[in-house]
Amino acid sequence: MAIYELPEWTALGPALILAVTALALFAFDSISPRSTNRQLLAGTAVAGSLTSLGVAVWFTVAGVGTPTADGGNGVIDPTHGFVVDQLALYFMIIVAVVTALIVVASYDYLVDHAYQAEYYSLVILAATGMSLMAAADSLVTILIALELASLPSYALVAILKDNRGSVEAGLKYFLIGSLSSAIFIYGISLVYGATGHLELAAIAEVVSGETEAGSGHDITEMGGLLGLGILMLIGGFAFKTASVPFHFWAPEAYEGAPAPISAFLSSASKAAGFVVLFRVFTEAFPLGEIGAVIGFDWTVAFIVLAIVTMTLGNFAAATQDSVKRMLAYSSIGHAGYALIGLAGLTADGGELVMGAAMMHLLVYGFMNTGAFLFVALAEHWGVGRTFEDYNGLAAQAPVACAAMAVFMFSLAGIPPFGGFFSKYFLFVGALEAATASTAMLVVAAVLVINSALSLYYYSRLVKAIWIEDPPATRDRLAQPTGLYAAIIVAAVMTIVILPGFGPVVDAALDAAGAVVG
Amino acid sequence: MIGVEYYVLLSMAVFCIGLVGVLTRRNALTFLMSVELMLNAANINLIAFAFYHGNLTGQVFALFTMALAAAEVAVGLGIILVLYRNFRDVDVTVPTTMRW
């Protein structure tokens, strides 16, 4: 037994710290509007996200949310509608890491920007929403956390008010976002109609027939309503994770947004979307029982979505001229890889494949953030957007370009880097699941084909940076401290995660075990 | 008493009207109104089902939905305002600086 025990609400600490930081930044902004005290603003945001990260790591190591022999530290239900277990903490760590990297990098990116305090407080507010998404355990809290993450993101994408690309990106992101959240809410209302509950555990009890729906009707009579509701929920999650069929916004929003925000959306926001997806589908609609009620297993939907998303993302990425747009499509492709985590689930197992998807999201948090931050650095230099514009950068900035090569090879899944291991585990997990359903063999094959294809466009960028000759007219390149620091930390983590992969595997499998089986 | 299925039919009709508006209208403000229709269709459902199931969860959730819709419109109008400043139009098909 612990000598003293923290009250239960502190289990939400990582998210609460972010919320307090965001409010502190807002308070500072109202006391001193238009302040350009960048050190203080960025410092507060960095301190807040690092504290959140520290607390989340501490809770994970201390075993919050894992049942122990003496009966302490079980799954914590701090307030109604939230649950803190290893899954929640694992994704809180991803969100906090990405937020910290983004905030450090933004320090240089925003040098002449007029709205410093607004920018940082919106970033931290969105991070709060993502962190809460990881812990949300009821469709109400899931929706509110999701909107708390989305609304600041719309504003952040459009924050360069005089830049046409940024405004256009913000508009498209907002239009598709509001449409998909309307569909999501309608889906929730149908699920509520069929079951009479909004808490995930209560929905699961009704679905499996342990308790009657609120009105006392038989759940199988409402199967059609529930099935339609589930499909609409998938639509809402597809938007958040940038998967087919709601992926249209991703290339536009990532290309037009300030590059650190593209990194934030494509890493943290995607991971937060996936944790809700994992939790809702494993907890509320248990496989095996759901098939009898709605007539199909939802894994079928995810097998199709995973194959289409992977293929579309990678093939579109291969045809791009703009580096940022290539990364945007590759981000769609990676959403497809992570969807395998749900496609491979079976009624009595699938921890390995879901854990692999979680590992991939963690590694992706480092390598993809780093890659977008390199684009931010290139925008800071003003070198241009296309592959040709990046020619020969290595001669002038070898350290950052070495880091970029690490990110590219890791994204492609080349052995010495973190991205290889998460993809390897995904492949093994998919093959293991293939014993239950042969469709997973197709998924595994598509995964391999797409990885091979992705090597083409990732190495094309590395070739441009390292092998092509630089144009004669390029000026000397500056070395902004914050951007460099964030890129190098991300690169080091992409490599270091390799010898440290054991604990990551354990953490991811624990997290998967929290909801599966 | 009116059966719950009629409320579902009504809400589905409202939802589809909103969806058609989203897909066919080019004015960003009309788009926002259409999304509001879709959200209110969900509210009709939630309240009808709360009555049907005899618990208050759905009604309270409908209140949350309205608050979220208001917040969403606030952000949306801000974005439409900067859209107008940059493109001198609120037609969503006008901004085409980026292509597939």
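Predicted model: local features only at pLDDT ≥ 70, side-chain atom pairs only at ≥ 80, totals over all residues.
**Exercise 1.** Find which residues Ile307(A) touches, not counting residues up to four places away in sequence.

*Solution.* Start with the cut-off: contact means heavy atoms within 4.5 Å. With that, Ile307(A) touches Val442(A), Val443(A) and Val446(A). Then check the accessibility: Ile307(A) comes out at 21%, so it counts as partly exposed (buried is under 20% relative accessible area, exposed is over 50%, partly exposed is in between, with a 1.4 Å probe and protein chains only). Last, a distance: the C-alpha atoms of Ile307(A) and Leu110(A) are separated by 38 Å, and the two residues are 197 apart along the chain.

Residues are numbered from 1 along each chain as its sequence is written, chains are lettered from A and ligands numbered from 1 in the order in which they are written, and side-chain values use heavy atoms, with hydrogens and water left out.

**Exercise 2.** Work out whether Arg279(A) is buried or exposed, and what its side chain pairs with.

*Solution.* First, locate Arg279(A): helix α10 (residues 259–284) of chain A. Its relative accessibility is 1%, so Arg279(A) counts as buried. Now look for a partner: its side chain makes a polar contact with the side chain of Asp85(A) at 3.1 Å (a pair of N or O atoms within 3.5 Å; within protein, one must be able to donate a hydrogen and the other to accept it, and residues adjacent in sequence count only if both atoms are side-chain atoms). Finally, leave aside neighbours within four places in sequence, and the contacts of Arg279(A) include Val83(A), Leu87(A), Leu200(A) and Val515(A).

**Exercise 3.** Describe the fold and overall dimensions of chain B.

*Solution.* For extent, the C-alpha trace spans about 55 × 25 × 25 Å along its principal axes. As for burial, 46% of the 100 residues of chain B count as buried. Finish with contacts: among those in chain B between residues at least 6 apart in sequence, 52% join residues at least 24 apart.

Terms used
Helix = DSSP H or I, 4+ residues; strand = E, 2+ residues; numbered from the N terminus.
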